[in-house]
Amino acid sequence: MSSEKFILAGVMGHPVAHSRSPVIHNHWIAQYKLKGSYVLLPVEPTHLYDALKGLKALGFAGCNVTIPHKVEAMKAMDWVHPVAKQMGAINTIVVQSDGALHGFNNDGYGYIQSIKDAKADWKANAGPITVLGAGGAARAIVLSLINEGATEIRLLNRTKSKAEELAEEFGPKVQVVDWNERINALSGVAMLINTTSQGMHGQSELELNLSELPLTALVSDAIYIPLETKLLAQAKMRGNATVNGLGMLLNQARPAFQAWFGVLPEITPELQTVIAGTF
Ligand code: ATR
């Protein structure tokens, strides 16, 4: 552990002020008595390439990238991890000692881990999984579910062509269902996952009739602001187990922190309390 060097990292996004990543990483920097800081990097899309190429000169060990940079940032990388390449997006950049930029995507790992944290006996192949949305978050989650052994993923997106593209890339385990069929698509599933931005703070609500959803199904929302979306509140009320998006954020941060600061940090009850206090 290099406790002498001051290490800088951050999150690049636009907007980025809402991000809870500084709270998480700065908590770990203090907990492990490291010297460093994790800062907000508000960067407009037109400046993304220059900003990324400037990381080395500014002394950054790396950064996270978030909305709307996850896809575009790949173009500034010297190397991209195969999983991130398959996802078509990165969320973590590590600056190498020679200045090269390496891109990773820990979102899928973070998502799967958050589900396992919530339900220790969870299995990806327990039954069909319905996924709403086909954007960046969906790509990471769907690919990770397949790698985890999922056998049937019903994919629904407002813009059907995007779901079809994803199915073509990820293979026959992904079956595209029309967005208008979303009530029926819940029948017999082991899991329902929302990866759309609907229900997020500032966006419209996801209006979904859950009448066909088995009570045994696990309902998960990738959103963490608010912690309890209308979908999760509705699911909880009828007796379904639910998982919000905070665990995904916390778990994706662990390998990134390790790459920059040299310590694999723990998600402690103290950290959970600190984060909860920010909502
Ligand atoms: P992220 O990286 O968070 O996944 P994104 O790539 O912009 O963000 O994807 C947003 C997802 O939310 C998409 O699946 C989008 O559907 P479209 O592909 O049709 O745009 C979905 N979404 C956003 N607003 C929506 C709405 N009002 N109704 C249904 N889906 C919506």
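Because the model is predicted, local features need pLDDT of at least 70 and side-chain atom pairs count only at pLDDT 80 or more, while totals for chains, interfaces and linings use all residues. Residues are numbered from 1 along each chain as its sequence is written, and side-chain values use heavy atoms, with hydrogens and water left out.

Start with the sheet. Six strands form it, in the order S9-S8-S7-S10-S11-S12. The sheet is open, and its pairing is parallel. Strands pair here if DSSP finds at least two bridges between them. The elements themselves are DSSP runs numbered from the N terminus: helices are H or I with at least four residues, strands are E with at least two. In general, strands of a sheet pair through backbone hydrogen bonds, either parallel or antiparallel.

Which strands form the edges? They are S9 (174-176) and S12 (241-243), each pairing on one side only. Neighbouring strands are turned by 20 degrees against each other on average, direction ignored. Axes are lines fitted to C-alpha atoms, for helices over the stretch in contact, and angles run from 0 to 180 degrees between N-to-C directions.

Strand S11 (residues 218-221) runs parallel to S12, and three bridges join the two. Leu 218 stands opposite Ala 241 in S12.

Helices pack on this sheet. Helix H7 (residues 230-237) touches S10, S11 and S12. Contact means heavy atoms within 4.5 Å. The direction of H7 makes about 165 degrees with that of S11. Helix H5 (residues 136-147) also packs on the sheet. H5 touches strand S7 (129-132), strand S8 (153-156), S9 and strand S10 (191-194). Its direction makes about 170 degrees with that of S8.

Next, the loops. A cis peptide bond joins His 14 and Pro 15, with omega about 5 degrees. Pro 15 lies between strand S1 (7-13) and helix H1 (21-31). The peptide bond from Ile 225 to Pro 226 is cis too, with omega near 5 degrees. Pro 226 sits in the loop between S11 and H7.

Lys 33 stands out in another way. It is not a glycine, yet its phi is positive, at about 55 degrees. Lys 33 is in the loop between H1 and strand S2 (36-42). Is Lys 33 buried or exposed? Its relative accessible area is 68%, so Lys 33 counts as exposed. Buried means under 20% relative accessible area, exposed over 50%, and partly exposed in between (1.4 Å probe, protein chains only).

Last come the charged pairs. Side chains of opposite charge can pair when their charged atoms come close. How many salt bridges does a search of the whole structure find? The search finds 10. A salt bridge is a side-chain nitrogen of Lys or Arg within 4 Å of a carboxyl oxygen of Asp or Glu.

One of them joins Arg 139 and Glu 169, at 2.5 Å from N to O. This pair links distant parts of the chain: Arg 139 is in H5, Glu 169 in helix H6 (residues 160-170), 30 residues apart. Arg 139 is buried at 16% relative accessibility, whereas Glu 169 is partly exposed at 46%.

Another joins Glu 72 and Lys 75, at 2.9 Å from N to O. Glu 72 is partly exposed at 43%, and Lys 75 is exposed at 59%. Lys 236 also forms a salt bridge with Glu 228, the closest N and O atoms being 2.7 Å apart. Lys 236 is partly exposed at 47%, and Glu 228 is partly exposed at 40%.
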